[in-house]
Amino acid sequence: MELIKEDSFFDYLNESFVDSVRLRISKGCNNSCTFCSIPDEEGREVSFTPIPQLEDLLSLLWEQGVRHLEFVDDNFLQYVESVSRLLITLDRRGQQFAFSFSSPVKLILKNQKHLISLRQQGLRCVNLKVINSNQDVLYRYGMKMTAADQHYAIQILQALRCQIQPEYILFEPLTTIDHLHNDLVFLEKNKLLGITPFTDILTSCLDLEKETPIGFEYRSRKLYLPSSDPYIPYQIMDERAQTIYHWLAYFSQEFGPQWKEIEQLLLDLRITVANQKSNWIVTNMGQELMYIIYDLRLAPYDLFKALLSCADEGDLDSITTESINFQSNQRLQWVKDQYWSYRKYYRI
Ligand code: SF4
């Protein structure tokens, strides 16, 4: 068992930030994702922390003020019945944790019957291993799932009003413009645009530094070539896809801190509004605020769409640092103006 990181979690049901820890309660994995080193490093047999040991730890964490647990094990659902019984026991003692877990798509489909009760027990968010929408990419990554599986798993979680944090790998050396188009359509169709903080999906890339099967393969095929571009970790064979990656990574690094600052202001405002008004989310006041938050979150995706259009029109060379800076500053200023107008109008 491993405590990975202490953090805070925005509990959207209670409209508050709560103390949270990330923890790993298993070792090993019997899947064969080629971008992962866990099966080789820890073995294919999955073992879980014994329940009494986990119970002691969770009780201690509760005493220390932790109210949200994030289980990072992809095999969490294989152990779900035992953990679920433990959470019920803790709840009866007045220790009601909110929690999130990670899962491959297939395990969500296989364990549908548990999800409703998990939701009632405090499930808030699933870090779903969507990874990519293109079948050739999924095949290279050794992932046995189809777009229909991904769509169905997302629908199940959305129907339960459970937050989804998609784990994605958008870029790798063999990414093409067609792949990126498919990914954009997939994300739009499944209503995943703008639901993760900042550019988590849009700057995601295959980690080729790790000792993984795909890392070995790409190195031996000379597909892993270091890049002289300070914003991206390696070269992408398709030059247009590489240019898009450059601008998204540029946006993330140059505008990320400002973007996160505004998002924090908006979340704090959301908490204030929610504390003042019950059912705030269905009021005009609530809807207007959510619109501003959503608009901020969509900014990187609008940039992604604009870059793809430029690529289609053969116009990517016309994009300059100045044009990206101008548009990004304009967008962020627009959100800031909306924030201040909102506060002025509602006198908050
Ligand atoms: S990515 Fe997750 S599911 Fe795939 S092999 Fe690694 S631990 Fe297992």
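**Helix packing, core and ligand surroundings in a predicted model**

Apart from neighbours within four places in sequence, I244 is in contact with L180, L307, L308 and A311, two residues being in contact if their C-beta atoms, placed from the backbone, lie within 7 Å. The structure is a predicted model, in which local features need pLDDT of at least 70 and side-chain atom pairs count only at pLDDT 80 or more, while totals for chains, interfaces and linings use all residues. Residues are numbered from 1 along each chain as its sequence is written.

I244 also belongs to the largest nonpolar core, which has 68 residues, and there F71, L128, I131, Y141, I244, Y245 and L248 touch the most other members. Such a core is a set of buried Ala, Val, Leu, Ile, Met, Phe, Trp, Tyr and Cys residues joined through C-beta atoms within 7 Å; a residue is buried if 20 or more other C-beta atoms lie within 10 Å of its own, exposed if 12 or fewer, and partly exposed in between, with C-beta atoms placed from the backbone. Helix α10 supplies the largest share of this core, 12 residues. Helices (H or I, at least four residues) and strands (E, at least two) are DSSP runs, numbered from the N terminus.

Helix α10 (residues 239-276) packs with helix α11 (residues 284-312) at an angle of about 180 degrees, and their axes are 11 Å apart. Axes are lines fitted to C-alpha atoms, for helices over the stretch in contact, and angles run from 0 to 180 degrees between N-to-C directions. The angle therefore makes α10 roughly antiparallel to α11, where angles under 35 degrees count as roughly parallel, over 145 as roughly antiparallel, 65 to 115 as roughly perpendicular and the rest as oblique. On the α10 side the contact includes R240, I244, W247, L248 and F251, and these and other residues of α10 meet a set in α11 that includes M285, L289, L303, L307, L308 and A311. By class, this contact has 19 nonpolar, 1 polar and 3 charged residues, with Ala, Val, Leu, Ile, Met, Phe, Trp, Tyr, Cys and Pro counted as nonpolar, Asp, Glu, Lys and Arg as charged, and the others, Gly among them, as polar.

The axes of α10 and helix α12 (residues 321-346) come within 11 Å and cross at roughly 10 degrees, so that α10 is roughly parallel to α12. This contact is made by W247, Y250, F251, F255, Q258, W259, I262, L265 and L266 of α10 together with I324, S328, L332, V335, K336 and Y339 of α12. Its residues divide into 12 nonpolar, 2 polar and 1 charged.

The ligand is surrounded by C29, N31, C33, C36, I38, P39, D74 and P104, a residue being near a molecule or strand if its C-beta atom, placed from the backbone, lies within 6 Å of it. By class, this shell has 6 nonpolar, 1 polar and 1 charged residues.

Two further helices contain buried residues. V137 is found in helix α6 (residues 135-140) and counts as buried because it has 21 C-beta neighbours inside 10 Å; leaving aside neighbours within four places in sequence, V137 is in contact with N132 and H179. L118 lies in helix α5 (residues 112-121) and counts as buried with 20 C-beta neighbours inside 10 Å, touching S84 and L123 when residues up to four places away in sequence are not counted.

Backbone geometry was also examined. Most residues other than glycine have a negative phi. Phi of R161, however, is near 55 degrees, a positive value, and R161 is found in the loop between α7 (147-159) and β8 (163-168), where R161 counts as exposed because it has 10 C-beta neighbours inside 10 Å. K191, likewise not a glycine, has a positive phi of about 55 degrees; K191 lies in the loop between α8 (177-189) and α9 (213-220) and, with 12 C-beta neighbours inside 10 Å, counts as exposed.
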